Amino acid sequence: MDRDPSISVLETDHPPEVPARKVASFKPTLLQTEDHHLCPGCGEPVAIRIVLEVIEEMGLTKDNICVLGHGCYGGFLKYIDVDATLCLHGRAPATSTGIKRMRPDKAVWTLQGDGDMVSEGLAEIMHATARGENITCILLNNGVFGDTGGQMTAATVVGQRTKNTIEGRDAGYHGYPIPIASVVASLEGSSYVARGSVHNAAGVAQTKKMVRKAFDRPMQRLGLALVEILTMCPTGWFIPTGEGPDYMNDVLGKKYPFGELKDLGA
């Protein structure tokens with residue numbers, strides 16, 4: 001078949017005559033460094049980068065305040081160039097409530113893991129939502145307590161492996177997981193709830209759109225917004241690094257389908 005002359009084709013049967021070179025940095029200005037202390041294959045750096053890109057693109061660089069969950073999330077302070085504070089385990093929504101009420105002009109957001117939000121701070125996210133607090137909550141969910149050895153969390157799905165539970169979660173013994181995004185979406189005080197992922201390029205692109213809406217709705221004073229981002233943790237799942245994205249999609253993704261669960265601003 002003759003080749004369409006209007007289509008540019010990159011020949012791959014031989015190396016390019018001019019070697020590839022980096023011509024610009026794609027690092028968001030709010031990201032202090034592209035190096036991090038997290039394990040190879042971890043999805044959290046990608047998720048954090050998405051949030052920082054959205055903050056910058058929305059013009060909130062100097063008008064946002066972050067509240068980080070305790071534990072390994074404290075290490076993120078040296079990576080993100082935003083006003084931020086730490087709080088006790090699970091208390092980020094409560095701390096954010098106080099900050100937002102004192103500074104209603106700021107975009108106040110939390111960054112928590114599933115162990116922090118769903119296991120240790122379940123009451124905090126529930127009551128903040130019930131009150132309709134105008135804050136943005138970002139949940140990075142890998143179903144693992146990554147900072148303390150790889151235990152299950154309240155969000156670990158049935159059958160999911162963790163480093164300390166190689167046989168996987170057993171509903172009869174461990175109970176069932178809490179689908180926190182679905183619960184928050186059912187409460188009247190929530191304005192926007194969505195679930196995305198970072199396991200492939202399409203997931204990253206869709207999640208970024210979700211994060212943008214999650215910052216917009218509370219700024220319109222419509223209520224609390226939550227984006228649950230499924231991330232990879234091959235170390236905590238005790239699987240090879242390269243298998244992380246597929247494992248996340250096949251195991252967590254089946255229990256927690258991607259998409260928007262609620263949007264009052266639509």
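The model is predicted, so local features need pLDDT of at least 70 and side-chain atom pairs count only at pLDDT 80 or more, while totals for chains, interfaces and linings use all residues. Residues are numbered from 1 along each chain as its sequence is written, and side-chain values use heavy atoms, with hydrogens and water left out.

**Stop 1: α2 and α4**

Select residues 92-102, helix α2, and residues 122-130, helix α4. Helices (H or I, at least four residues) and strands (E, at least two) are DSSP runs, numbered from the N terminus. The axes of α2 and α4 come within 7 Å and cross at roughly 40 degrees. An axis is a line fitted to C-alpha atoms, for helices over the stretch in contact, and angles run from 0 to 180 degrees between N-to-C directions.

Now show the side chains of P93, A94 and T97 in α2, which meet E124, I125 and A128 in α4. Contact here means heavy atoms within 4.5 Å. The residues of this contact divide into four nonpolar, one polar and one charged. In this scheme Ala, Val, Leu, Ile, Met, Phe, Trp, Tyr, Cys and Pro are nonpolar, Asp, Glu, Lys and Arg charged, and the others, Gly among them, polar.

**Stop 2**

C233 is in no disulfide either, its nearest cysteine sulfur being that of C42, 6.3 Å away.

C137 is buried at a relative accessible area of 0%, and C233 is buried at 13%. Buried means under 20% relative accessible area, exposed over 50%, partly exposed in between (1.4 Å probe, protein chains only).

**Stop 3: aromatic pairs**

The whole structure has three aromatic pairs. Rings of Phe, Tyr and Trp (its six-membered ring) pair if their centres lie within 6.5 Å; planes under 30 degrees apart count as stacked, over 60 as edge-to-face and the rest as tilted.

Select F76 and Y79, a tilted pair with 6.5 Å centre to centre and 45 degrees between the planes. Both F76 and Y79 are buried.

Next, select W109 and F215. Their ring centres are 6.0 Å apart and their planes at 65 degrees, so the pair is edge-to-face. W109 lies in strand β3 (residues 107-113) and F215 in helix α7 (residues 201-219), so the pair ties together parts that are 106 residues apart in sequence. W109 is buried, at 1% relative accessible area, and F215 also counts as buried at 1%.

Conventions: Disulfide = S-S within 2.5 Å.
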